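Reader: I would like to learn how to read a few features from a set of coordinates. Please take them one at a time.

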Amino acid sequence: MRNPFLTLLALTVLPLAASAMAPQTVTLDVQNMTCAVCSITVKKSLQSVSGVSEVSIDFAKKTARVTYDADKAKSSDLTTATTNAGYPSTVQK
């Protein structure tokens, strides 16, 4: 015999979970990174943005690859964070 409460719960929760946006990944071109400490500062500034789950910095290419929850953050939040830390950035096309 099925539990009506569990059926109702499944019908309520599953559509909500399905509607959540998949994580977004973006690559930023970052200016002014001239040393390893700069990379750390850029990474920390991006990690401080709500919704960011992963950040990797490529110092040689002057880029940052960021994975984030698009329900909690926008790419403009990421570029604002790096700019506020002294490292202006733009989203790669």
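Predicted model: local features only at pLDDT ≥ 70, side-chain atom pairs only at ≥ 80, totals over all residues.

Reader: Which strands pair with β3, and in what sense?

Author: Helices (H or I, at least four residues) and strands (E, at least two) are DSSP runs, numbered from the N terminus. Two strands pair if DSSP finds at least two bridges between them. Here β1 and β3 run antiparallel, joined by 6 bridges, and L28 stands opposite A64 in β3. β2 also pairs with β3 in the antiparallel sense, over 6 bridges; V55 has V66 in β3 as its bridge partner. β2 and β3 form a hairpin with 4 residues between them, and K62 in that turn has a positive phi of about 60°.

Reader: Is β3 mostly covered or mostly exposed?

Author: Buried means under 20% relative accessible area, exposed over 50%, and partly exposed in between (1.4 Å probe, protein chains only). β3 is mostly covered, with 5 of its 6 residues buried.

Reader: How many residues are in the largest nonpolar core, and which elements give two or more residues to this core?

Author: In soluble globular proteins, nonpolar side chains tend to be buried together. A nonpolar core is a set of buried Ala, Val, Leu, Ile, Met, Phe, Trp, Tyr and Cys residues joined through side-chain atoms within 4.5 Å. The largest one has 17 residues; L28, V52 and V66 are among those with the most contacts inside it. Two or more residues come from each of β1 (24-30), α2 (36-47), β2 (52-58), β3 (63-68) and α3 (75-84). Taking contact as heavy atoms within 4.5 Å, V52 touches L46, Q47, V66, T67, Y68 and L78, not counting residues up to four places away in sequence.

Reader: Where does the charged end of K62 sit?

Author: A charge sits over a ring if NZ of Lys or CZ of Arg is within 6 Å of the ring centre and within 35 degrees of the ring normal. The charged end of K62 is over the ring of F59, 3.9 Å from its centre.

Terms used: Residues numbered from 1 in each chain as written. Heavy atoms only, no water.
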